[in-house]
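Subject: Structure handover

Hello,

Here is the structure we talked about.

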Amino acid sequence: MNEGLNVFRQLAPEQIERRLRRCGIEADSISIGRGSRRQDTRDTQNHSDGQDPASYRQHYRVLIFNLAVLDCQPLGAGAAMGGGLGAGWLAGDGSGGGRVGGQGENESGGVGVGGQGGNGRGGEGAGRQEEYGSGGVGVGGQEEYGNSGVGFGVQEEYGRSGEGVGGQEEYGRGRGGVGRQGGNEREGEGAGEQEGYERGGPGVEEREEYGNGRAGVGRQGEYRSGGDEFGSLGGGGREQRGVAGVLRTTAVRALYSLGLDSGEVELRAMGGRRYMVTGITPVLPDPAGALPEPYRSASAALARMLDGEQPGRPGLLMGMDPEFLLLRESSGRVVPASRYLPMDGVAGCDAGPPGTRGVFPVAELRPAPRGEPRALLAQLMSAAREADRLIADRSLCWRAGGMPLRGWALGGHLHFSGVTLCAPLLRALDNYLALPLFLLEDIRAAARRPRYGVLGDFRPQPHGGFEYRTLPSFLVSPVIAKGAVCLAHLIVSHYEDLPLRPLDREDLHAAFYSGGKSPLRTAWPPLEAQLRALGGYAAAARWIDPLLRAIAEQQSWDESRDIRGSWVRSAPPDSGALPSGRADAYQ
């Protein structure tokens with residue numbers, strides 16, 4: 001528990017604020033500093049220390065253990081907020097009180113946002129326009145992604161026009177950006193170019209071809225359904241959406257970013273589904289070594305689950321859903337994957353960035369889960385061949401990576417079950433998997449962070465496992481995909497033998513988010529040595545070694561490449577050979 005406690009204790013309030021902002025989280029170093037000097041962090045104040053009660057800003061205290069939210073306590077915010085809002089509305093049970101994590105829907109009282117999108121009677125429903133769009137169906141909406149998109153039209157294609165025309169089937173480069181906090185700007189305009197989401201570039205409104213005027217929701221892709229700014233974290237294996245999901249996710253991400261996994265996070269509501277961190281308190285045992293409730297019960301439950309795991313985790317099951325784009329290279333325009341691929345299936349389409357509400361422009365490969373990396377890779381190549389068959393237009397290029405086009409962030413999400421999610425496992429994936437892939441990524445992929453691809457980005461899954469979301473799309477090369485999948489399986493199987501945490505260091509943490517590879521290259525050799533020393537490495541070496549050689553040679557992939565040919569003609573999954581020479585795979 002809290003293996004990075006010493007890292008946290010060495011951070012001054014100003015450093016805490018900088019680190020959180022680096023991860024896309026707002027923070028108030030003054031309030032954090034005051035909170036760190038309080039003798040009792042569990043008082044019953046009505047607003048955070050130093051906050052003017054006349055500001056009418058609602059405050060919350062979120063209790064977290066092992067990155068799962070145990071409780072969420074509204075602290076109040078002055079006379080205007082008095083009465084009527086208990087913790088139950090965050091739990092989705094509509095009861096006006098109680099702990100986070102309930103499943104109830106359509107209950108009486110409360111606000112009724114609900115972890116499962118429940119609509120509370122006698123309160124506000126989860127389908128408000130400012131949260132999910134018109135009628136509560138669409139992805140995003142006025143508050144989250146702008147005011148109903150950018151324009152209305154019926155043209156077939158458009159590109160660099162600056163102002164996007166809705167209703168079009170192809171779209172490309174524009175201008176402007178959504179900004180670092182994203183998801184809060186109206187009219188689709190952002191706060192600069194930090195994230196590179198074009199104003200009008202990716203904007204596509206609904207049209208009859210994609211549904212009867214309703215904005216559908218994608219699967220579990222890079223662009224979250226439900227309009228959440230972050231992927232939902234914690235919550236006992238249940239995904240929360242809407243305001244409750246953003247609040248919980250911000251708290252968990254803030255704790256993890258500071259080297260912690262258990263404790264209390266205080267948040268101030270800033271409006272527009274934004275929350276500012278005003279306090280961090282790690283949970284500590286008392287002098288007798290006992291934890292206070294509810295942490296004690298949660299700790300006992302975690303210990304039972306970990307004790308039940310067998311060495312090497314033979315029951316581990318892996319899946320994935322890496323993404324790619326279809327590009328008409330002659331015009332630089334993205335072609336919606338939904339024109340060729342179904343919503344479901346091993347090759348399908350998914351939701352896109354803000355401005356593409358109702359259209360599913362991102363292509364995705366969803367191979368069937370398997371227990372062995374070789375079998376999973378065989379399924380991945382079968383899914384790629386199915387995508388090649390369905391996408392009949394041979395003039396279209398396939399693009400993958402972190403951000404192959406400005407404004408289009410792509411992910412290579414890995415799914416795991418048969419293993420207990422815990423903070424040491426996530427940190428091992430960050431340091432031994434995300435870090436080496438970072439050393440190989442195209443320089444353009446850095447623009448994906450911090451909106452996507454932050455360290456420790458995960459999402460609980462209904463099957464009881466979790467999805468690791470930090471990686472860019474490794475479809476850039478079959479060789480990189482083979483290495484990444486086999487390395488991930490090796491790490492998860494033996495993560496307790498991988499204790500190094502270079503990304504906890506402030507300089508290396510900053511380098512990861514800024515795209516600075518040089519300092520991280522110097523930190524990599526000890527990690528590689530530990531990987532090679534693992535008992536299962538020899539069996540996976542034929543797939544991992546090409547990846548490690550590329551790192552040693554300081555190669556990087558090229559996100560402007562057309563990957564279609566490399567996957568159609570790629571070597572079988574038991575081969576470590578490059579598809580057509582090293583240059584084709586990495587340059």
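In which sense do S2 and S4 pair, and over how many bridges? S2 and S4 are antiparallel, and 6 bridges connect them. Please keep in mind while reading that this is a predicted model.

The sheet

S2 and S4 belong to an open sheet of 5 strands. Reading across the sheet, the order is S1-S5-S4-S2-S3, and the pairing is mixed. The edges are strand S1 (26-27) and strand S3 (68-76), each of which pairs on one side only.

Strand S2 covers residues 59-65 and is joined to S3 by 7 bridges, with the two strands running antiparallel. Two of the residue pairs can be looked up directly: tyrosine 60 has proline 74 as its bridge partner in S3, and isoleucine 64 has valine 69. S2 and S3 also form a hairpin with 2 residues between the strands, where asparagine 66 has a positive phi near 50 degrees. On the S4 side, valine 62 of the model is opposite valine 265.

How much of S2 is buried? The strand is mostly covered, with 7 of its 7 residues buried. This holds for both faces: His59, Arg61, Leu63 and Phe65 are buried on one side, and Tyr60, Val62 and Ile64 are buried on the other.

Helix H7 (residues 242-257) packs on the sheet. H7 touches S2, S3, strand S4 (263-271) and strand S5 (274-282), and its direction makes about 45 degrees with that of S5.

Helices H12 and H13

The next item is a pair of helices. Helix H12 (residues 506-514) and helix H13 (residues 518-532) have axes that come within 9 Å and cross at roughly 120 degrees. Because of that angle, H12 counts as oblique to H13. The crossing of H12 past H13 is left-handed. On the H12 side the contact is made by Leu508, Ala511 and Phe512, and on the H13 side by Pro519, Leu520 and Ala523. Sorted by class, this contact has 6 nonpolar residues, no polar ones and no charged ones.

Helices H9 and H11

Which residues of H9 meet H11? They are Pro373, Leu376, Leu377, Leu380 and Met381, and in H11 they meet Pro478, Ala481, Lys482, Val485, Cys486 and His489. By class, the contact of H9 with H11 has 9 nonpolar residues, 1 polar residue and 1 charged residue. The axes of H9 and helix H11 (residues 478-493) come within 10 Å and cross at roughly 145 degrees. H9 passes H11 in a right-handed crossing.

Glutamate 386

Is glutamate 386 buried or partly exposed? Its relative accessible area is 24%, so glutamate 386 is partly exposed; the cut-off for buried is under 20%. Leaving aside residues up to four places away in sequence, glutamate 386 touches Val346 and Ala347. Glutamate 386 is also 9.7 Å from leucine 341, C-alpha to C-alpha, although the two are 45 residues apart in sequence.

Regards

Definitions and conventions. Residues numbered from 1 in each chain as written. Predicted model: local features only at pLDDT ≥ 70, side-chain atom pairs only at ≥ 80, totals over all residues. Heavy atoms only, no water. Buried < 20%, exposed > 50% of the residue type's maximum accessible area, 1.4 Å probe, protein only. Contact = heavy atoms within 4.5 Å. Axes fitted to C-alpha atoms, helices over the stretch in contact; angles between N-to-C directions. Helix = DSSP H or I, 4+ residues; strand = E, 2+ residues; numbered from the N terminus. Parallel < 35°, antiparallel > 145°, perpendicular 65-115°, else oblique. Left-handed = near helix turned anticlockwise from the far one by under 90°. Nonpolar A, V, L, I, M, F, W, Y, C, P; charged D, E, K, R; others polar. Pairing = 2+ DSSP bridges.
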